[in-house]
Amino acid sequence: MKKLLAVFSIIAFAAVAKADCTWDWWFKNGDKDIKGCALGLASANNNVTGAQVSLCANKAKDVKSGAQVAIGYSQVDTLRNGVQASFITKARKASLQFGLVCFNEGGFLPVFVFFNFDKTMFGSK
């Protein structure tokens, strides 16, 4: 419940700040940069600053700050200063992930269950 409240807070903030807000039915905005919120059934964006929320899956090249949330699958190349929450999460480098299975090449372990985080998040090198 707290995760949903946090996601809706980010979306509300993006709407108030008059930032971008897009709707994606099925991976159509793959080359678009978003500063605000991206919503959809399956959302794909290039660079995201804000929230990327979808029902099935999310894909992004870079999430600079914010959240990437989906019921099914979330994939990002680099997630800085944000959280990724899905049933299955995958990232080359992500600051914080929550899910049943979390794949994170830059994480404290490459694959871990329920959560994973970047090992440099707490100052280790």
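Which residues make the nonpolar surface patch of about 610 Å²? Phe87, Leu100, Phe108, Leu109, Val113, Phe114 and Phe115 do. This is a predicted model, where local features need pLDDT of at least 70, side-chain atom pairs count only at pLDDT 80 or more, and totals for chains, interfaces and linings use all residues. Residues are numbered from 1 along each chain as its sequence is written, and side-chain values use heavy atoms, with hydrogens and water left out.

View 1. Areas are Shrake-Rupley values with a 1.4 Å probe. Strand β7 (residues 111-117) gives the most, with 3 residues; strands here are DSSP E runs of at least two residues.

**View 2. Asn116 in strand β7**. Asn116 is buried (under 20% relative accessible area), at 0%. Its side chain reaches the backbone oxygen of Leu109 at 2.8 Å. Beyond four places in sequence, Asn116 touches (heavy atoms within 4.5 Å) residues including Cys102, Asn104 and Phe108. Gly99 is 17 residues away in sequence and 8.7 Å away, C-alpha to C-alpha.

**View 3. Asn58 in strand β2 (residues 34-70)**. With 0% relative accessibility, Asn58 counts as buried. A polar atom of the Asn58 side chain lies 3.1 Å from the backbone oxygen of Gln52. Leaving aside neighbours within four places, contacts of Asn58 include Ser43, Gln68 and Tyr73.

Technical notes
Helices (H or I, at least four residues) and strands (E, at least two) are DSSP runs, numbered from the N terminus. Buried means under 20% relative accessible area, exposed over 50%, partly exposed in between (1.4 Å probe, protein chains only). A polar contact is a pair of N or O atoms within 3.5 Å; within protein, one must be able to donate a hydrogen and the other to accept it, and residues adjacent in sequence count only if both atoms are side-chain atoms. Patches are made of residues with over 30% relative accessible area and no salt bridge: like charges are joined within 9 Å, nonpolar side chains (Val, Leu, Ile, Met, Phe, Trp, Tyr) within 5 Å. A salt bridge is a side-chain nitrogen of Lys or Arg within 4 Å of a carboxyl oxygen of Asp or Glu.
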